[in-house]
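I opened this entry to keep track of what I looked up.

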Amino acid sequence: MEFDEYFAARGQQLVRLGFVLSGDHHAAEDLAQHALMSAYRHWRRVRRMEDPHAYVRRILVNAHLSAARRRPSRETPMAIADSAFTEPDLAEAVAQHDVVWRALAGLKPRERTVLVLRYYEDLGYASIAALLGIQESTARATASRALAALKSSAELAMPKGTIDETDRRRT
């Protein structure tokens with residue numbers, strides 16, 4: 001086996017192993033690169049081994065352990081989470097949740113039941129009809145009326161093409 005074949009077959013696996021060991025994607029890439037460079041320098045000898053991958057894997061593990069020993073124990077690297085600055089406002093999510101609940105509460109009980117079974121429980125119209133003891137066409141019509149009522153609701157302004165178009169693609 002040539003080195004480029006080995007790299008194509010096992011390169012990503014080494015990066016994943018490095019990630020599991022280090023917990024950091026950049027460190028994982030560095031570990032994999034170090035292991036592959038070391039193996040490449042001695043590839044003639046490495047490829048004759050019974051299990052070349054075990055040897056390269058051991059290089060990676062040793063590099064990780066060496067780096068961990070060199071790192072002072074009192075320092076703990078921390079990644080700055082970009083998501084901490086881009087998360088939506090919690091108050092906005094609560095307000096939106098309340099608007100949806102009020103709009104659903106304004107529906108007739110059967111309409112609300114059909115929508116909950118369809119979109120929350122992810123049941124098909126045949127299953128909804130069997131569960132409620134109605135015809136499948138009645139379940140479809142009820143869902144259609146309920147969605148139309150939600151769309152026309154002043155409280156809930158649904159963007160065009162959300163639930164009902166998704167529903168048409170599923171059936």
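I began with helix H4 and asked what its buried residues pack against: they contact helix H1 (3-22), helix H2 (25-41) and helix H3 (43-47). Contact here means heavy atoms within 4.5 Å. Helices (H or I, at least four residues) and strands (E, at least two) are DSSP runs, numbered from the N terminus.

Before going on I noted the ground rules. This is a predicted model, in which local features need pLDDT of at least 70 and side-chain atom pairs count only at pLDDT 80 or more, while totals for chains, interfaces and linings use all residues. Residues are numbered from 1 along each chain as its sequence is written, and side-chain values use heavy atoms, with hydrogens and water left out.

Next I listed the buried residues of H4: Pro52, His53, Val56, Ile59, Leu60, Ala63 and His64. They cover an arc of only 130° around the axis, which puts them on the same side of H4. The arc is that of the directions from the helix axis to the C-beta atoms. Buried means under 20% relative accessible area, exposed over 50%, and partly exposed in between (1.4 Å probe, protein chains only).

I then looked at the largest nonpolar core. Of its 16 residues, Tyr6, Leu14, Trp43, Val56 and Leu60 touch the most other members. H1, H2, H3 and H4 each supply at least two residues of this core, and H2 gives the most, with six residues. A nonpolar core is a set of buried Ala, Val, Leu, Ile, Met, Phe, Trp, Tyr and Cys residues joined through side-chain atoms within 4.5 Å.

I looked up Leu60 by itself. Leaving aside its neighbours within four places in sequence, Leu60 is in contact with Leu14, Leu17, Gly18, Leu21, Leu31, Ala32 and Ala35. A second, separate core of 15 residues includes Ala103, Val114, Ile128 and Ala129.

How do helix H8 (residues 125-132) and helix H9 (residues 136-152) pack, and at what angle? I found an angle of about 105°, with the axes 8 Å apart. H8 and H9 are therefore roughly perpendicular to each other, a label for angles of 65 to 115 degrees. Axes are lines fitted to C-alpha atoms, for helices over the stretch in contact, and angles run from 0 to 180 degrees between N-to-C directions. Tyr125, Ala126, Ile128 and Ala129 in H8 meet Glu136, Ala139, Arg140 and Ala143 in H9.

Last, I took the overall counts. The protein has 10 helices and zero strands, and 26% of its 171 residues count as buried.

How values were computed:
Parallel < 35°, antiparallel > 145°, perpendicular 65-115°, else oblique.
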